[in-house]
Amino acid sequence: MNEGMLQELGVVREQIDAIDAQMLALLNQRARCAQHVGEIKARYGDAGYIYRPEREAQVLRRIQGLNTGPLPNESVTFFFREVMSACLSLETPLGIAFLGPLGTFSESAAVKHFGHAARLAPQGTIDDVFREVEAGHAHYGVAPVENSTEGAVGRTLDLLLGSPLKICGEVVLRIHQHLMTREVELGRITKVYSHAQSLAQCHEWLNRSLPGVTRVSVGSNAEAARLASQEPGAAAIAGEAASERYDLPRLAESIEDEPNNTTRFLVLGRHDAGRTGADKTSLIMSATNRPGAVHELLAPLAEAGVSMSRLESRPARAALWEYVFYVDIEGHRDDPAVKVALDALASRAAYLKILGSYPQAVY
């Protein structure tokens with residue numbers, strides 16, 4: 001190697017080493033500040049929740065606003081989430097229930113929101129995720145609520161109707177589906193395992209690339225990867241986490257039919273969040289069974305100038321052909337305009353339940 005190049009590289013590497021030492025000192029200084037926050041709260045008898053979703057969202061948005069590159073905001077956000085996760089774990093590692101097993105997109109969503117320092121608790125069903133948090137066995141739960149191509153996750157919506165839990169955050173996860181197998185070419189694949197939703201999201205690719213190959217629906221993509229890792233001729237459609245967990249090579253990457261395939265997850269806890277200035281409020285309501293009732297029910301939102309970002313109907317289960325509406329609106333329940341709209345809704349709706357106000361997802 002050229003001697004001049006070696007000298008220049010040596011100078012830059014010394015600078016990197018010095019910066020690393022400074023970063024380490026600052027990280028530990030930040031951790032001590034986080035511990036001090038806990039001590040102050042304890043001294044004043046504040047027995048509130050140690051995890052504050054609104055504070056985390058405000059920090060991440062401020063950091064993104066300060067970022068001048070070359071690192072993209074996504075990388076900076078990932079780094080600071082991990083820093084906050086590690087600092088929080090010094091006080092109490094958060095227990096996070098999610099739809100398992102390990103290696104699923106739900107695990108990826110939980111890690112994206114809470115960082116790797118959280119204590120992950122995979123559950124067999126979405127019902128179990130709710131139960132773990134309701135019983136106090138986990139601090140928070142992460143549950144899928146809708147996919148951009150396959151629509152709403154009905155079981156999550158049904159459980160929200162009867163659960164005392166609050167929505168305190170959301171995670172938006174870009175879904176990349178990969179074909180993974182120990183085979184080295186497509187022609188050797190005789191069977192494809194995956195969750196039903198993932199098979200649907202890759203339907204056209206499978207038709208083109210693996211016509212006639214048997215498709216087997218299983219309980220999760222992680223289970224699909226486990227099966228494919230043990231069976232000659234088998235492949236799985238799953239995410240990167242499953243590929244890594246089962247050491248299963250990816251033969252084809254990003255095979256989802258829709259390039260913007262995205263899943264939204266809810267963060268569930270025993271509290272919602274404070275105002276950040278960029279929030280959502282989710283609610284469930286029902287209208288009386290008469291002409292124009294739904295229009296009258298939604299009118300207070302328009303009258304108060306509150307934007308509705310989502311409207312989903314589901315059977316009420318209490319009576320035949322009656323429905324409840326799941327609504328997401330922009331703003332926090334303590335915002336003046338939102339408060340006016342909610343007060344009006346309460347007087348018009350046959351049923352109204354506020355599921356929570358929470359920060360909009362920070363990417």
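**Notes on the predicted model**

1. R52 is partly exposed, with a relative accessible area of 29%. Buried means under 20% relative accessible area, exposed means over 50%, and partly exposed lies in between (1.4 Å probe, protein chains only). R52 and E54 form a salt bridge, with their closest N and O atoms 2.9 Å apart. A salt bridge here is a side-chain nitrogen of Lys or Arg within 4 Å of a carboxyl oxygen of Asp or Glu.

2. Keep the ground rules in mind. This is a predicted model, in which local features need pLDDT of at least 70, side-chain atom pairs count only at pLDDT 80 or more, and totals for chains, interfaces and linings use all residues. Residues are numbered from 1 along each chain as its sequence is written, and side-chain values use heavy atoms, with hydrogens and water left out.

3. Now the overall picture. The protein has 12 helices and 15 strands. These are DSSP runs numbered from the N terminus: helices are H or I with at least four residues, strands are E with at least two. The C-alpha trace spans about 80 × 65 × 35 Å along its principal axes. Of the 363 residues, 44% count as buried.

4. Look at helix α4 (residues 105–114). It is mostly covered, with 8 of its 10 residues buried. Among them are F105, A109, V111 and F114. G115 follows α4 and has a positive phi, near 80°.

5. Which residue meets R245 in a salt bridge? It is E107, at 3.6 Å from N to O. The pair links distant parts of the chain: R245 sits in helix α10 (residues 240–245), E107 in helix α4, and 138 residues separate them. E107 is buried, with a relative accessible area of 11%. R245 is partly exposed, at 43%.

6. A search of the whole structure finds 22 salt bridges. One of them joins D334 and R333, with the closest N and O atoms 3.6 Å apart. D334 is partly exposed at 42% relative accessible area. R333 also counts as partly exposed, at 28%. Elsewhere, salt bridges that share partners join E146, E170, R264, K280, R310, E312 and D328 into one network.

7. Next, helix packing. Two packed helices are described by the angle between their axes and the distance between the axes. Axes are lines fitted to C-alpha atoms, for helices over the stretch in contact, and angles run from 0 to 180 degrees between N-to-C directions. The axes of α1 and α3 come within 9 Å and cross at roughly 50°. The two helices are therefore oblique to each other. Angles under 35 degrees count as roughly parallel, over 145 as roughly antiparallel, 65 to 115 as roughly perpendicular, and the rest as oblique.

8. Compare α11 (residues 293–304) and α12 (residues 336–348). They pack at about 160°, with axes 8 Å apart. That makes α11 roughly antiparallel to α12.

9. Finally, the surface. I19, M23, L27, F78 and F79 make a nonpolar patch of about 440 Å². Helices α1 (3–43) and α3 (73–89) each give two or more residues to this patch. Patch residues have over 30% relative accessible area and no salt bridge; like charges are joined within 9 Å, nonpolar side chains (Val, Leu, Ile, Met, Phe, Trp, Tyr) within 5 Å. Areas come from the Shrake-Rupley method with a 1.4 Å probe; for residues, only the protein chains shown count as cover. I19 lies in helix α1. I19 counts as partly exposed because its relative accessibility is 44%.
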